[in-house]
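This report is written for a reader meeting the structure for the first time. Please keep the sequence and the model at hand while reading.

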Amino acid sequence: MDWLFFGEISLAGLAMGGLYALIALGFVMIYKATRVINFAIGEIMMFAAYLFLAFAGGMELSAWIALPLAVIGGSILGGVIEKTMIRPMLGESPISVVMVTIGIASILVGLVEFIWTADPQLLPNFLPREPVFIGPLYLAPKIAYGFLIGSALLIVYLLYFRFSRGGVALRATASDQAAAYSMGINVRRVFNLAWVFGSLAASLAGVLVAATGGLSPQFGIIGLSVLVVVIVGGLDSILGALVAGVFIGWLETVAGAYLGGEYRMPATFVVLAVILVIRPYGLFGTHEIERV
Amino acid sequence: MRIGDAKQTYEADEAIWTSNTQKLWFGLLLLILLLFPFMADSYLLYLGCLVGIAVISTTGLNILTGFTGLISLGQAGFMGVGAYTVAWLSLNTGLPFPVTLLLAGLVAAAVGILVGLPSLRVKGLYLAIATLAASVFLHFIFAEWESVTGGMGGLSLEPAHLFGLTFQSDFRMYFIIVTLAVLMVLAARNVLRTRVGRAFIAIRDRDISAEILGINLLRYKLMSFALSSFYAGVAGGLFAYFYRVVTPESFPLSMSIFYLAAVIVGGMGNLLGGILGAAFMTLVPEALKLLTAALTPFYPNAPVFMSPMLEIIFGALIVGFLIFEPHGLAEIWHRIRRFFRLWPFRN
């Protein structure tokens, strides 16, 4: 076995996993606060990436202006979706709410095809091009810098959750909605903010992933990988999102490199199936007790 | 206004046909379905076949999702199992179509039971993800098990045959498809008024309560999975005979979502809703195609926008129905009926 090759592949996989962790964090945020499983997260990422394309490619803004604009655009989209389409579904069965997010995903794909056509696109390169070496291991610069930017936001989020007022409100709402209400927390605003911040994480990750792998209306498929990540990690666990994100990213890349691209999805879904059988609530998720 | 409608026994209340008028309407419907192929052109006939297949599959999914409350994203995968079974059997054994279709249903049902096994431990959305995993594996098997499924190239098969009669044209396929659709919907209606059906509904409403009432959850959940995938398998088999080519790409994830959407738009937990939903969701894209064709002389760009418009309309229908009409088309239908039934009174 060629250890150097394995090391390089693993490194690339771990870096990709870092981005998965970021997206999964956005997903978990939305789930924790609002109990909505967001099947549209891949499409929100895609939409932000297309916005970046429009700002940086179409309007020829500098990438460092276009990136924040695209991310803000994606977050606003998340907020609008919550206000207009998720809020009316409050209290409906989870099946219905999930179907709404699937419908939203379809609408977003249609919109993107409408505006930017269905052809694959390449994002203008904005990350440094010098190859990155970690010890003897080579890492593609796009992936490396994408990972760095992604982890920076990830750390900001973790600190925000832990220390800020908003983060405390979010955690309070997640653990007990009624109690949060009675303590004067504006739960509706928390719902909206969870969607905004969740979409923000997804949008940044979307631009970074699209910068390495290209962009097309099928980009939202990545949402399926994220779904695997959050189920494996536990839907309501931030730690789970991080650990499972890195692991699934690594596994996917290694399986793709050694077995061939068609094995990427089945490999991660095997892990998913095993986890569902052994620990249905995920590695770090809370086991909910049901009462009649 | 409808009168003389008081029921005095449970049997009368549970009966499929509660009045002679109902029988008359149903007879009329059958007559129309029978005469339709003689009057329709080939395009309408093709649509009729598509709707028939969609009705069978949607009814199956409705049993699982609408009546038992188990959400499944694997319907297309189960249809694929049925389609590959039919294709393989017709290539390797030459059995007549009733046998192959039955086997298609049974094989799909077996796969359905296998997929349903985790349903006792995982619920709700986790179950949806488990069925999603199943459909990923099935797609992988379709694409990679080349000795049986023909790999990415798929399989092409001979037309359906029985007693020396071959069903090559849409005209002949129509009769198989519609007969099966009618029979299978009636069978579903019948199952749902038995103990089994009531057990499904009890599980949907609250599974823990159902268990306390003495319903064996695993058994009935698996039964629901088996029944639902049997329907999917038969629909997939008809799909194979209809197009006479089966590839892994014939059954994408979007197809599973399509059937879920049909159940929702039609009305969850309502067989009539499933039928209406299947017909509606199949015909909307066709209507859009006609509209595009009509607009093309004025806006040469129209065909370019058709596919994105379709995506948007598809999504908007799901979201719109869930927010504004959660009980679906069936509820609209009932409202219309109630109006006539109560006429001349308002409410």
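## A helix pair in chain A

In this predicted model, helix α1 of chain A, residues 3-34, packs against helix α10 of chain A, residues 238-259. The axes of the two helices lie 6 Å apart and form an angle of about 140°. Angles over 145 degrees would count as roughly antiparallel, and 65 to 115 as roughly perpendicular; α1(A) and α10(A) are therefore oblique to each other.

The crossing in which α1(A) passes α10(A) is right-handed. Of the residues in the contact of α1(A) with α10(A), 19 are nonpolar, 7 are polar and 1 is charged.

## Chain A as a whole

Chain A contains 11 helices and 2 strands. In sequence order, its elements follow the pattern α-α-α-α-β-β-α-α-α-α-α-α-α. For the 292 residues of chain A, the globule rule gives a radius of gyration of 19 Å; the radius computed for the chain is 19 Å, close to that value, so chain A is as compact as a globular protein of that length.

Along the principal axes, the C-alpha atoms of chain A fill a box of roughly 55 × 45 × 35 Å. Buried residues make up 52% of the 292 residues of chain A. When contacts in chain A between residues at least 6 apart in sequence are considered, 75% of them join residues at least 24 apart.

## The contact between chains A and B

Chain A supplies 35 residues to the contact between the chains, and chain B supplies 36 residues. On the side of chain B that touches chain A, at least two residues come from each of the helices α6 (124-144), α10 (207-212), α12 (253-266) and α14 (302-324) of chain B. The largest share of this side, 13 residues, is provided by α14(B).

By residue class, the side of chain B that touches chain A consists of 28 nonpolar, 4 polar and 4 charged residues.

## One residue at the contact

I323(B) belongs to helix α14 of chain B, the helix that gives the largest share of the side of chain B that touches chain A. Leaving aside residues up to four places away in sequence, I323(B) touches M85(A), P88(A) and M89(A).

Is I323(B) buried or partly exposed? A residue is buried if 20 or more other C-beta atoms lie within 10 Å of its own, and exposed if 12 or fewer do. I323(B) has 18 C-beta neighbours inside 10 Å and therefore counts as partly exposed.

Technical notes
Residues are numbered from 1 along each chain as its sequence is written. Chains are lettered from A and ligands numbered from 1 in the order in which they are written. This is a predicted model: local features need pLDDT of at least 70, side-chain atom pairs count only at pLDDT 80 or more; totals for chains, interfaces and linings use all residues. Two residues are in contact if their C-beta atoms, placed from the backbone, lie within 7 Å. Helices (H or I, at least four residues) and strands (E, at least two) are DSSP runs, numbered from the N terminus. Ala, Val, Leu, Ile, Met, Phe, Trp, Tyr, Cys and Pro count as nonpolar, Asp, Glu, Lys and Arg as charged, and the others, Gly among them, as polar. Axes are lines fitted to C-alpha atoms, for helices over the stretch in contact, and angles run from 0 to 180 degrees between N-to-C directions. Angles under 35 degrees count as roughly parallel, over 145 as roughly antiparallel, 65 to 115 as roughly perpendicular and the rest as oblique. A crossing is left-handed if the near helix is turned anticlockwise from the far one by less than a right angle, and right-handed if clockwise. The radius of gyration is taken over C-alpha atoms; the globule rule is 2.2 Å times the number of residues to the power 0.38.
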